[in-house]
Amino acid sequence: MASSSLSTSQTYSILNLKNRTRVYTSLPNSSFKPFQSTIKAANLPNDTFKNPSALFNKKQASILPWAENSKALAKAPQFSATTKAAGAAGEENVEEDEMIVSWIDLLPEKIQPYAYLVRLDRPIGTFLFGWPCMWSLALAAEPGMFPDWKMLAFFFFISFWSRNIACTINDYFDKDFDSKVERTKRRPIASGAISGLQALIFLAAQLVLGYAFMLPVNELSRLLWVSSLPLIFTYPLMKRITYWPQAHLGLTANWGALYSWAAIKGTLHPGIVFPLLIGCFFWTLEVDTIYAHQDKTDDVKVGVKSTALLLGDTTKLWTSVFGIASVASFALSGFNANIGWPFYALMVPAAAQIAWQIWAVDLENPADCGRKFRSNKYFGAIVFFAILLGRLFS
């Protein structure tokens, strides 16, 4: 099917399956059997991505000989998982890198690297920053009342913005590491699409705008948001000095539980907010330990640390402990908030979701680690509705 003039490393087969374009790379021996229909191949010019809509023309597959340079790599959608190649061993069932041709490629060319930098096409990070805010606001609602939907929308946006800042800082500090890791080497700073100076200017604009966005809320909430920035700035450095960077992320990603509560109440209730923060901490520790297993082989090569490397074969045992601690802390927070019985009833399926992701995940399969990581948006939704209904019946 593929042209023999193209090397395997430069051959990308793009399949449009059910209106969703998927890209598979590193197919051994240029042999690939499509799942459906006849697939037409065409050699496209190197400037194909100057007209991204060509990728979707008439639902046909194309073979793209992308140039091996940073500019071309920057325009490429990023891999969602590391290749688990079996071609050298002659195996037929090869797990290919999979990536989605993103809507970002339809944006103006100068904007695309920045959109990829803040992961606009990957919202799971925003959910992981956002759910603690949503949980806190629901707990802060008056008994028998829903939380203010305007505040929910506002702090979801603040979570989105904080996560964008975190992505920029993370990629700036990790650019040398990212360029050596298969999953991250196409990130805009690592590939050279965005220079270090451009990244810093972009970061400065993000910080100024972020503070401006927080001006409508009270001073305590605003100061707590500012206090989250040192955590965000130092997180990328933790993997260089400790095997527990995920613990640092447990505070970084969940600080919103404090400043969102403060925006409603004007103060902090230690018996409610701190157990909630502790629950969020252990939840993130469990979630990100599974996520870190995607990169453990490359992490060893480049010399960075993680709980995945520290815990190794005992990961499932320890993440189970983290999950239990998380659910127990959430329950304590709800109890101190005098929340109603639906909260406790719905925490059962929430706990089951955590148990499923821990014991069903294949820690040797990067793609499956990624899927279990992304499933936490459902855990967050279950906990949110548990608090919401519990508050209505309190």
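Where does UniProt place the feature "transmembrane region" in this protein? The unreviewed entry puts it at residues 124-141, 153-173, 194-214, 317-335, 341-363 and 375-393. UniProt positions are given in the numbering used here, feature names are shortened, and annotations may be inferred rather than shown by experiment.

Some ground rules. This is a predicted model, in which local features need pLDDT of at least 70 and side-chain atom pairs count only at pLDDT 80 or more, while totals for chains, interfaces and linings use all residues. Residues are numbered from 1 along each chain as its sequence is written, and side-chain values use heavy atoms, with hydrogens and water left out.

Now the overall picture. The protein has 17 helices and four strands; these are DSSP runs, numbered from the N terminus, with helices being H or I of at least four residues and strands E of at least two. Residues 153-173 are 100% helix and 0% strand, and their end C-alpha atoms lie 31 Å apart. For residues 194-214 the end C-alpha atoms are 28 Å apart, with 86% helix and 0% strand.

Of the 394 residues, 52% are buried. Buried means under 20% relative accessible area, exposed means over 50%, and partly exposed is in between (1.4 Å probe, protein chains only). Among contacts with a separation of 6 or more, 71% come from residues 24 or more positions apart; a contact means heavy atoms within 4.5 Å.

Next, the surface. Areas come from the Shrake-Rupley method with a 1.4 Å probe, and for residues only the protein chains shown count as cover.

Trp103, Leu106 and Leu120 make a nonpolar surface patch of about 310 Å². Like charges are joined within 9 Å, and nonpolar side chains (Val, Leu, Ile, Met, Phe, Trp, Tyr) within 5 Å. Trp103 sits in the loop between strand S4 (97-100) and helix H2 (112-117). Trp103 counts as partly exposed because its relative accessibility is 46%.

Last, two loop residues. Arg119, in the loop between H2 and helix H3 (124-140), has a positive phi of about 60° although it is not a glycine. Is Arg119 buried or exposed? Its relative accessibility is 9%, so Arg119 counts as buried. Asn338, also not a glycine, has a positive phi of about 55°. Asn338 lies in the loop between helix H14 (315-336) and helix H15 (341-360), and is exposed, with a relative accessible area of 61%.

Notes: Patches are made of residues with over 30% relative accessible area and no salt bridge: like charges are joined within 9 Å, nonpolar side chains (Val, Leu, Ile, Met, Phe, Trp, Tyr) within 5 Å. A salt bridge is a side-chain nitrogen of Lys or Arg within 4 Å of a carboxyl oxygen of Asp or Glu.
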